[in-house]
Amino acid sequence: MNTLAQYDAAVAGCKDIFIKKTKDYGTSWRVLRPISVVDQIFIKAQRIRNLQEIGVQKVEDNIEGEFKGIVNYGVIGLIQMEQNGNPYTDLPVEEVEQLYSKYIQQVKAVMEDKNHDYGEAWRDMSQESFVDLILTKLLRIKQILRNQGKTLISEGIDANYTDIINYALFALIKISEDSPERS
């Protein structure tokens, strides 16, 4: 198990989708306000949870694709926290790619630090736990937004997005380990 290689492979799959969608749609996501980004992630996480609980899927999108969407909307959330200017103006694809890489590197650095301290405890966690933790982080972000972005002693919105992205990437790593192609 080479966590860094697995992590980078999971990120590469998410980034590929993100850049291709940027080429297709531009940066239309720039018009999303903070609560809308949170709600997009919530929809994906809630769908995964529903599929886990009912075990029946009627829409073709698979759980792996939903986790990739969570990663990408998490990156959008981080980018949006620092973006200014006209949200109706598209960013060049090259700039989007640089921003994606910048925020993923920050998220990866946190993962490496926590992996050091927690000893890769995530490897013994269930996919259900990842989804529940993502939903918990989303509810925290919603409360922080209701508090006008202020916290008394807790981490901010960016730290919650970072954890959400990492939980989704851990789920993607575990999905790839369980896939039949690895046999």
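**View 1. The largest pocket of the predicted model has a volume of about 450 Å³**. In this predicted model, the largest pocket is lined by 18 residues, and those that lie nearest its centre are Ile17, Lys21, Gly69, Asn72 and Tyr73. Two elements give two or more residues to this lining, namely helix H1, spanning 3-25, and helix H3, spanning 63-82.

**View 2. Composition of the lining of the largest pocket.** Helix H3 provides the largest share of the lining of the largest pocket, with seven residues. Sorted by class, the lining of the largest pocket comprises six nonpolar, seven polar and five charged residues.

**View 3. The second largest pocket holds about 270 Å³ of space**. Its lining is formed by Met111, Lys114, Asn115, Tyr118, Ala121, Trp122, Met125, Asp163, Asn166, Tyr167 and Phe170, and the elements that give two or more residues to this lining are helix H4, spanning 93-118, and helix H6, spanning 157-178. Within the lining of the second largest pocket, seven residues are nonpolar, two are polar and two are charged.

**View 4. The two spans of a domain feature taken from the UniProt record.** An unreviewed UniProt entry places the feature "domain: Nucleotide modification associated" at residues 21-81 and 114-175. For residues 21-81, the end C-alpha atoms lie 20 Å apart, and the span is 74% helix and 0% strand. For residues 114-175, the end C-alpha atoms lie 21 Å apart, and this span is 71% helix and 0% strand.

Notes:
Residues are numbered from 1 along each chain as its sequence is written. This is a predicted model: local features need pLDDT of at least 70, side-chain atom pairs count only at pLDDT 80 or more; totals for chains, interfaces and linings use all residues. Side-chain values use heavy atoms; hydrogens and water are left out. On a 1 Å grid over the protein atoms alone, a cavity is a set of points where a 1.4 Å probe fits but cannot get out, and a pocket is an open set with protein on both sides within 12 Å along at least five of seven lines; lining residues have an atom within 4 Å of a point. Grid points are joined across faces, edges and corners, and a volume is the space filled by probe spheres set on the points. Helices (H or I, at least four residues) and strands (E, at least two) are DSSP runs, numbered from the N terminus. Ala, Val, Leu, Ile, Met, Phe, Trp, Tyr, Cys and Pro count as nonpolar, Asp, Glu, Lys and Arg as charged, and the others, Gly among them, as polar. UniProt positions are given in the numbering used here, feature names are shortened, and annotations may be inferred rather than shown by experiment.
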